[in-house]
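Have a look at it first.

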Amino acid sequence: MAAQRPQAKIRAFNCPNCGNSVQLRGMGTSLSAACPSCLSILDTSDERVRLLQRAAKKMERFEPKIPLGTRGKVDGKQYEVTGFQHRTIMADGVEYGWDEYVLYNPFHGFRYLTEYTGHWNDIVAVLSLPAPSDVMGHAAVSHEDRKFKLFQTSNPTTKFVLGEFPWRVKLNDTVNSKDYVDSPYSLASETDDNETTWSRAQYIPGKEIWSAFNLKGSPPTPQGVYSNQPNPYGSTKPMWAMMVVFSILLLLTMIVTSFMAAGETVFQSKYYFVSGSGEPSFVTPTFEMKGGEKNVEVEIRTDLQNDWMYLGLALINENTGTAYDFGKEISFYSGSDSDGSWTEGDKADSVSIGGVPGGKYYLRVEPDMEKTLGSELFGSKRVNYEIKVRRDVAVIWPYFVVWPFLLIPPLWAILRRYSFEGKRWAESDPSGNAAFSSGEDDEDDD
Amino acid sequence: MTKLYGAYGLLLTVFSGYLGYQGFMFSRGDEVPNVPRSVRDNPGSYRSIYSNYHRYTGGK
């Protein structure tokens with residue numbers, strides 16, 4: 001014979017203050033309850049219901065978003081909402097309030113839901129005591145292999161109650177609370193005159209609450225960032241790992257393509273140039289450049305000293321008559337002054353052009369130097385130089401250009417992540433100073 | 001996001017590898033078509049657009 005589930009027995013009595021009917025769903029586990037009519041708080045710990053606290057006549061009412069008596073599944077277990085309270089704290093002279101719901105299951109006991117500006121938490125009592133700890137010098141507690149960093153110290157005050165509670169709830173009761181955060185969890189300690197209780201909260205999206213309790217409409221849209229709200233941008237570690245992999249791939253690709261580049265010297269010869277000695281231009285013998293469109297590098301070595309020269313260059317295809325014009329200036333100066341010896345420029349340099357089709361080419365060279373009166377008259381300015389033409393030289397610039405682009409996405413991701421964390425911790429008040437601040441600048445008048 | 005970054009990174013790596021393999025350079029010589037064959041024998045008959053380069057580059 002199958003075991004029968006116990007049915008929740010509803011106990012009813014009349015409020016000793018207003019006479020209105022009060023129902024209890026806690027199956028004898030509730031220690032106090034609020035009259036739904038006059039809001040007075042009643043002691044329900046035994047059969048003799050007594051008045052604990054008479055509510056103020058003009059008391060602000062708060063409507064629970066999950067009506068009392070609603071049943072829903074939390075953590076795979078069926079619970080019924082049996083109590084509701086609204087609590088507030090003061091910070092910088094501003095009152096912040098949130099709602100708390102008492103959930104009861106005769107097999108699994110109590111658990112709680114809290115809601116603050118659309119952010120929901122599922123809360124259970126902690127049976128083992130968290131141990132004091134620290135996170136990078138900040139106060140923290142450790143519990144079940146997690147470290148929770150102190151987020152806030154505050155003094156919550158109960159402002160409104162409805163339904164029943166497993167403790168003797170009282171209006172305007174204030175406790176000292178410390179909230180520790182390790183998203184999506186948080187730990188809270190609440191201390192009153194008699195005891196300290198610890199509870200563990202887990203952030204839960206509002207839509208899950210709505211679905212679990214089959215509530216109508218849609219949950220309120222969360223405002224801002226909540227203390228233990230999961231960071232929606234997740235960890236950036238996988239991206240950084242991929243960044244390292246791609247960097248290694250780039251390096252390997254650079255090495256392979258550099259080795260694959262022919263870098264063949266297709267022409268090399270030595271010349272000299274005497275400034276003012278008539279037509280300076282000349283052409284080189286024909287040389288062959290193999291393959292399709294590849295780059296060409298012209299390397300020039302000179303014996304310049306405190307002078308410059310310019311080489312006008314044209315790579316001319318012997319068959320098609322197409323010329324590729326380019327040029328290179330080389331200068332080298334040296335000397336010494338009060339700062340010591342100095343040099344400027346270089347005696348050797350190179351110029352490269354891309355996209356030169358294969359074929360038979362010759363180089364037209366037109367050297368030029370600064371004309372002085374001496375060089376015009378005597379042709380005394382002479383420079384020796386060597387030209388070397390290389391085909392298909394290795395290029396590595398694409399890898400250095402691309403690498404910073406690989407950095408952008410992970411940097412952006414980490415920026416978004418830390419921006420979210422910044423918003424979270426901007427609301428932090430570990431010392432609880434905000435609770436005692438009026439919110440105005442405190443200036444001492446002499 | 002990570003998958004998207006994987007595709008992005010792969011694309012960049014392949015693209016840079018292609019440019020490296022091709023020996024790509026942005027600098028191109030100024031292409032002048034139909035240069036007469038006589039340039040071979042008379043180099044002075046061709047004047048590059050880079051001719052008549054005059055620039056003073058003094059020392060320190």
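Let's start with an open sheet in chain A, where four strands line up in the order β18-β27-β21-β25 with antiparallel pairing. Bear in mind that this is a predicted model. The edge positions go to β18(A), residues 264-274, and β25(A), residues 348-356; each has a single partner strand, so one side of each is left without a neighbour in the sheet. From one strand to the next, the twist averages 15°.

Zoom in on one of those pairings: β21(A), residues 294-302, runs antiparallel to β25(A), and 7 bridges join the two. Within that pair, Glu297(A) has Ser352(A) in β25(A) as its bridge partner.

Strand β23(A), residues 323-337, pairs with β1(B) in the antiparallel sense over 3 bridges. Here, Asp325(A) sits opposite Asp30(B) of β1(B).

| Strand pair | Bridges | Sense |
|---|---|---|
| β21(A) and β25(A) | 7 bridges | antiparallel |
| β23(A) and β1(B) | 3 bridges | antiparallel |

What about the rest of the contact between the chains? In total, 41 residues of chain B are in contact with 57 residues of chain A. On the chain B side, α1(B), residues 2-22, and β1(B), residues 30-32, each supply at least two residues. The largest share, 12 residues, comes from α1(B). Sorted by class, that side of chain B has 18 nonpolar, 16 polar and 7 charged residues.

Back inside chain A, the largest nonpolar core has 42 residues, and the ones touching the most other members are Ala34(A), Tyr101(A), Leu103(A), Val161(A) and Tyr180(A). Take Tyr180(A): leaving aside neighbours within four places in sequence, its contacts include Ala140(A), Val141(A), Phe148(A), Leu150(A) and Leu187(A), along with Lys149(A). A second, separate core of 29 residues has Phe273(A), Met309(A), Tyr361(A) and Val389(A) among its members. In soluble globular proteins, nonpolar side chains tend to be buried together.

Finally, the overall picture of chain A. It has 5 helices and 27 strands, and 31% of its 446 residues count as buried. How does its radius of gyration sit against that of a compact globule of 446 residues? Such a globule would come in near 22 Å, but chain A has 42 Å. Along the principal axes, the C-alpha atoms of chain A fill a box of roughly 130 × 80 × 40 Å. As for contacts in chain A between residues at least 6 apart in sequence, 64% join residues at least 24 apart.

Note on methods: Residues numbered from 1 in each chain as written. Chains lettered and ligands numbered in written order. Predicted model: local features only at pLDDT ≥ 70, side-chain atom pairs only at ≥ 80, totals over all residues. Rg over C-alpha atoms; globule rule 2.2 N^0.38 Å. Buried ≥ 20, exposed ≤ 12 C-beta atoms within 10 Å, placed from the backbone. Contact = placed C-beta atoms within 7 Å. Nonpolar A, V, L, I, M, F, W, Y, C, P; charged D, E, K, R; others polar. Pairing = 2+ DSSP bridges. Core = buried A, V, L, I, M, F, W, Y, C linked by C-beta atoms within 7 Å. Axes fitted to C-alpha atoms, helices over the stretch in contact; angles between N-to-C directions.
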